[in-house]
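Open the model in your viewer and keep the selection tool at hand. The stops below say what to select and what is there.

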Amino acid sequence: MSARALAARLGGWRTSEPAYEALADGIRLLCLDNRLPAGTALPAERELAAVLGVSRTTVAAAYRSLRDSGHIRSLRGSGSVTQGAPQRAATRTISDPRAIDLQQASPAAWPGLAGVFAEAATQAPALLARPGYDVVGREELRAALADQYTRRGIPTTSAQILITSGAQSALHLLATVLVRRGDRVLIESPTYPHAAEALRSAGARLVSVPVTPDEGWDLDRAEQVFARVRPSLAYLMPDFQNPTGRSMTGVERELFVTAAERVGTTLIVDETTADLDIDRAIEPPPFGADPQDEQIVRVGSFGKTVWGGLRVGWIRADEELIRRLIAARFPIELGTPDWEQHVATLLLPHLPQVIAQRAHLLRTGRDTVSTALAQQLPEWTVPVVDGGVALWVELDRPFSSALVLAARAEGVLLSAGPRFGVDGGFEKNLRIPFTAGASDLERAVDGIAHAWRRTVGGAAPMREGALDAVV
């Protein structure tokens, strides 16, 4: 990796710590987030020092700290290479019963799921007589999902539904089929980082449109991107966007649909959080409800609503695209397991109860985090959200990465703001999911507050072992 590329990923790495340790911590976080995969060659000390505007001694000391903590290895004449997270640190994270993992913004399983599993088990003999997986999806599940879309005002047939192994699998498959290397793709910023990774892995060149909890989508920027760049594809989360929690207004929805139609852009609409409504006063119309619009592709899953361990997602698209996706799927995977599809089919009649329980859980979590932050960190700006899974908090200083590292020592695992940026930045932001239980969330805010005071107060450099692996 070049020095300029590393500097861009580091963003605002300077904190109240000594410069060498702040730089080392910035690189550690990139390793822990897998933004610097194991085996990445780091730039030479002199080159990185020149780009960052620091002395070579500072960079040398940072690399030495990284070697001591096991995050990089250096060979004479071969430079320094990342090693990911030290194994002993990973073991401590997994075994620590006090650790609160807020990196995954997914709640525990819906309480009634065990009963659905038990019901599904009674039909296990019939399932075991089948091959065990299906590349298209079981007809009864596809028909049920098609009926749901139709009731929402989007007429759909089962032939327009493809069942996948979760939403991430759907995004990878869509990127494989719809993106050619070098294509420009419009994406929100901040955004769901694994969607950006899927698009980049297919060769996309991402062009961002800002979105904030208070102001929503930057429509002027969006119109400019559509008119000047003419993206082949756009990825959007119009309902309870992750990480901001913002939902598009009717005006915003109409602008994106109209602008995309004008230049021939295919819209991927991620609806995985669309059902996580807590107390939205007015429900906006469905995104692009015109049944004739073949340029809108919808992705859904049960991951956020029912349980992240139920790996069932789907794609809703026109029949011609569904056929292309099926043909492209075989080299990637042979299909979605029959067992999970069967459980999903049995779950569908229970969705109203599931969504009601989720609204109660998320309301409690949101209010707990908002109240605790107002009491302990009143200098932060906490948005008001009416659904979704997280708060996109604005810090009063650009120390998000340093805070995330300090919070690990307090037993709280978080993802720093830059993790959600397309072009870096967001060091003044922190995503705090509210999907855990109230007591865990109160403890988490306590840990975050302690970590913040150490971060801004010029605490001593962190001990080796405080930086545990992301699991």
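Start by selecting Pro243, which lies in the loop between strand 9 and helix 12; helices (H or I, at least four residues) and strands (E, at least two) are DSSP runs, numbered from the N terminus. Asn242 and Pro243 are joined by a cis peptide bond, with omega about 20°.

This is a predicted model, in which local features need pLDDT of at least 70 and side-chain atom pairs count only at pLDDT 80 or more, while totals for chains, interfaces and linings use all residues. Residues are numbered from 1 along each chain as its sequence is written, and side-chain values use heavy atoms, with hydrogens and water left out.

Next, select Pro190, in the loop between strand 6 and helix 10 (193–201). Ser189 and Pro190 are also linked by a cis peptide bond, and omega is about 5° here. Most residues other than glycine have a negative phi, and most peptide bonds are trans.

Go to helix 12, residues 250–263. Its 14 residues reach 21 Å from the first C-alpha to the last, close to the 20 Å expected at 1.5 Å a residue (the expected span is 1.5 Å times one less than the number of residues). Which residues of helix 12 are buried? They are Glu252, Arg253, Leu255, Phe256, Val257, Ala259, Ala260 and Val263. Buried means under 20% relative accessible area, exposed over 50%, and partly exposed in between (1.4 Å probe, protein chains only). Among the elements covering them are helix 11 (219–229) and strand 10 (266–270). Gly264 follows helix 12 and has a positive phi, near 80°.

Now select Arg230, in the loop between helix 11 and strand 9. Arg230 is not a glycine, yet its phi is positive, about 50°. Phe426, between strand 16 (415–416) and strand 17 (429–433), also has a positive phi, near 65°. Phe426 is partly exposed, with a relative accessible area of 23%.

Move to Asp338 in helix 14. Is Asp338 buried or exposed? Asp338 is buried, because its relative accessible area is 2%. Leaving out residues up to four places away in sequence, Asp338 touches Leu127, Arg130, Gly132, Tyr133, Asp134 and Arg138; contact means heavy atoms within 4.5 Å.

Last, select residues 459–471, where pLDDT stays under 50. pLDDT is the predictor's confidence in each residue, from 0 to 100. Where pLDDT is low, the predicted coordinates should not be read in detail. The protein averages a pLDDT of 89.
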